[in-house]
Structures are given as structure tokens and as C-alpha cells.
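Have the sequence and the 3D view at hand.

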Amino acid sequence: MDRGAIASWNGTNGGLTTDSGALINAPFSTAARFELEATPSATTPEELLAAAYASCFTMTLAERLATAGHPATSLRTEARVQLVRPSGYWEIPAVRLHCSAEVPNITEADFLAIAHAARIHGPVGHAMRADITMTVSLENLPGREWHVPHQHA
């Protein structure tokens, strides 16, 4: 399985389109990223990361609860991605999840163990620790493409 998205940028703003068509040229911009009031209908990479993690965690938790014989009646997960600039460059130091769950006939210990496993073992959680490969090319140098090796910060 392979899922993707294409982001395009034209000077001051961009558009994001996903393979599924759920997002079609969804706007994003620097103003939206740092001044939410400026363009409230635009998204940000951090918001998309929060959406990916919240949905992945919720699906993984639901699957693990059902496998353990405790199907959830309802799950609601909020993810918050923090973006800070501590020393001249932007970074994401933390992602916070809060899941409110209704799961009949489960002990606190079992629920906590399953939730912890879902946080660590979901595909998006794994991706946050994954090696990222990259190739780049310049349009004014057609036919040229460079592989940029992964480097740990």
C-alpha cells in the first residue's frame, strides 16, 4: 500500500492534493502557519500531522481493543502538534494526544496497556521515527536528479 500527496508552492502560498481526493488543492501558506487569523480556511503541516496521528492512533486503538475482546463503543482523539522556534529555526518538540473512550467491560490496566501500545505501534507513530529518503531536481537542469542521503540531526 502506498499513499501520497502533492504540495505545490507559488511564491507566498501553496496547494495540497491527496491521492484519495479528500484534499484537492487545499490551501496552505506561511500566513496560515504563523498567523491563524489571517487565513483560517488554510491548513498547515502541523495540523495535517495532528490529523494523521489522531486518525491513525484512533484506528489502531480500535483494532487493538477489538482484538483483545473489548470493542470500543466510541473513541474520540484530539492531537495537538506544538511548533516552536527556540533558537532561530522551527521545530516540533511535542505531540500531545488525548483520547476519550467508551469501552465496556475493560479494566483500567488493560485499557492503559492497549492505549500505550497503540500510541507506539501505529504506522504514523512509526513514521515519526522513520528514516526519510529524498531525491531533488532542478527544473532548469532537466534530466538531473540527486539522491540526498539521510542524516540524523
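## Burial of Thr18

A residue is buried when its relative accessible area is under 20% and exposed when it is over 50%, with partly exposed in between. The model discussed here is predicted. Thr18 has a relative accessibility of 18%, so Thr18 counts as buried.

Thr18 belongs to strand β2, which covers residues 13-18. A polar atom of the Thr18 side chain lies 3.4 Å from the backbone nitrogen of Ala22. Apart from neighbours within four places in sequence, Thr18 touches Gly4, Ala5 and Leu23.

## Asn13 in strand β2

Asn13 is also placed in strand β2. Asn13 has a relative accessible area of 39%, so Asn13 is partly exposed. Its contacts, leaving aside neighbours within four places in sequence, are Ser8, Phe28 and Ser29.

Glu63 is 50 residues from Asn13 in sequence. In space, the two C-alpha atoms are 38 Å apart.

## Salt bridges

Side chains of opposite charge can pair when their charged atoms come close. The cut-off used here is a Lys or Arg side-chain nitrogen within 4 Å of an Asp or Glu carboxyl oxygen. By this rule there are two salt bridges.

Arg33 pairs with Glu46, and the closest N and O atoms are 2.4 Å apart. Arg33 counts as partly exposed, at 35%.

The other salt bridge joins the side chains of Glu78 and Arg80, at 3.5 Å from N to O. Glu78 is partly exposed, with a relative accessible area of 34%. Arg80 is partly exposed too, at 46% relative accessibility.

## Confidence

What is the mean pLDDT of the protein? The mean is 87. Of the residues, 93% reach 70 or more.

Where is confidence lowest, and where is it highest? Strand β7 (residues 146-148) has the lowest confidence, at a mean of 73. Helix α2 has the highest, at 94.

Definitions and conventions:
Residues numbered from 1 in each chain as written. Predicted model: local features only at pLDDT ≥ 70, side-chain atom pairs only at ≥ 80, totals over all residues. Heavy atoms only, no water. Buried < 20%, exposed > 50% of the residue type's maximum accessible area, 1.4 Å probe, protein only. Helix = DSSP H or I, 4+ residues; strand = E, 2+ residues; numbered from the N terminus. Polar contact = N/O pair within 3.5 Å; in protein donor to acceptor, adjacent residues only side chain to side chain. Contact = heavy atoms within 4.5 Å. pLDDT = per-residue confidence, 0-100.
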